[in-house]
Amino acid sequence: MELKTLLKSHNFACSKRYGQNFLSDPQLLSAIASDGAQSGDNVLEVGAGAGTLTRALCGLGARVTAFEIDERLRPVLSETLAGTDAELIFSDVMTYDLSLLELGKYRVVANLPYYITTPVIFRFLYDENLLSLTIMVQKEVADRICAKEGTPDYGALSAQMQAMGNVRITRKVPRNMFFPSPDVDSAVVRLDIQPICNRALLPHYRKAVAAAFAMRRKTLANNLTAAYSLPKQTAEELVLKVCGNRAARGETLSPADFVRLAELLTNV
Ligand code: SAM
């Protein structure tokens with residue numbers, strides 16, 4: 001059944017508050033499912049919606065566990081997911097105790113509700129069982145995630161995600177592919193987890209990145225002085241060691257440079 005007809009038959013009106021912009025094009029759905037998973041994978045989906053992506057993932061042969069916050073979608077999902085073995089959890093993915101799932105190694109595949117894009121990313125990013133994250137996000141967010149150092153889009157989100165592995169945009173999705181159509185275009189980003197440093201260093205890496213981008217107009221040394229209560233001269237020497245320029249700004253450091261900086265900062 002066509003998506004609009006299905007929603008109408010259940011008297012369902014999409015909620016802006018929950019970021020309900022649904023996909024219905026079968027080709028696009030199976031392309032996104034294949035961007036993120038393959039047969040036999042354990043897949044966690046955030047926001048089943050009307051179950052269209054869930055179905056596509058099941059169609060690939062993935063074992064799908066899908067979260068959905070909106071109880072009103074229960075009858076819709078019973079219809080669209082009939083005959084699949086998707087497991088549905090009607091709960092807020094941000095507060096659910098994920099350790100109850102016992103998924104083992106898993107992949108996240110989701111057309112994310114835009115109002116919680118970044119919190120959802122960080123909910124999963126550092127989980128040791130996560131193999132990959134394939135998410136539909138606003139095009140601008142996708143550009144920021146994949147931006148290279150020294151470019152205007154590069155920031156804390158780019159450095160945090162690129163530290164966890166290889167990121168790439170797998171496809172761009174124009175706004176008219178959604179119902180209802182949002183005000184922005186979107187893109188699917190895939191991150192394959194392969195941390196660029198020891199996991200034990202990651203908390204230090206995160207702190208260094210947060211400090212570096214705390215005030216973009218300040219030099220990195222000034223930001224480090226503030227965040228780590230360091231003498232200015234010590235901060236400048238660290239920056240000099242990492243990138244050869246004591247007046248450098250945070251946005252010029254690559255993820256590998258941040259690893260070096262985080263290592264040096266653990267010893268001051
Ligand atoms: N996967 C469907 C699709 O591609 O058409 C729906 C995607 S829609 C952009 C996002 C879905 O996430 C909505 O159905 C919304 O109700 C759900 N959602 C929003 N916040 C959520 C949360 N905190 N936990 C679980 N689901 C949530």
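Start inside: there is one cavity of 30 Å³ or more (on a 1 Å grid over the protein atoms alone, a set of points where a 1.4 Å probe fits but cannot get out). The largest cavity has a volume of about 30 Å³, volume being the space filled by probe spheres set on the points, which are joined across faces, edges and corners. This is a predicted model, where local features need pLDDT of at least 70 and side-chain atom pairs count only at pLDDT 80 or more, while totals for chains, interfaces and linings use all residues. Residues are numbered from 1 along each chain as its sequence is written, and side-chain values use heavy atoms, with hydrogens and water left out.

Now select Gly 19, Asn 21, Asn 111, Leu 112, Pro 113, Tyr 114 and Phe 178: they line the largest cavity, each with an atom within 4 Å of a point. That lining splits into four nonpolar, three polar and no charged residues (Ala, Val, Leu, Ile, Met, Phe, Trp, Tyr, Cys and Pro count as nonpolar, Asp, Glu, Lys and Arg as charged, the others, Gly among them, as polar).

Next, colour by domain. The assignment, automatic or from a database, gives domain 1 (3–193) and domain 2 (199–265). Their centres, taken over C-alpha atoms, are 33 Å apart. Across the boundary, 16 residues of domain 1 are in contact with 14 residues of domain 2 (heavy atoms within 4.5 Å).

Then pick Phe 124, Phe 258 and Leu 261, which touch the most other members of the 64-residue largest nonpolar core (buried Ala, Val, Leu, Ile, Met, Phe, Trp, Tyr and Cys residues joined through side-chain atoms within 4.5 Å). Apart from it sits another core, of 33 residues, including Phe 22, Val 43, Ala 50 and Leu 73. Back at Phe 258, its contacts beyond four places in sequence include Tyr 154, Tyr 205 and Phe 213.

Last stop, the cysteines: there are zero disulfides (pairs of cysteine sulfur atoms within 2.5 Å). For Cys 197, the nearest cysteine sulfur, that of Cys 243, is 18 Å away. Cys 197 counts as buried at 12% relative accessibility, and Cys 243 as partly exposed at 31% (buried is under 20% relative accessible area, exposed over 50%, partly exposed in between, with a 1.4 Å probe and protein chains only).

Methods:
On a 1 Å grid over the protein atoms alone, a cavity is a set of points where a 1.4 Å probe fits but cannot get out, and a pocket is an open set with protein on both sides within 12 Å along at least five of seven lines; lining residues have an atom within 4 Å of a point.
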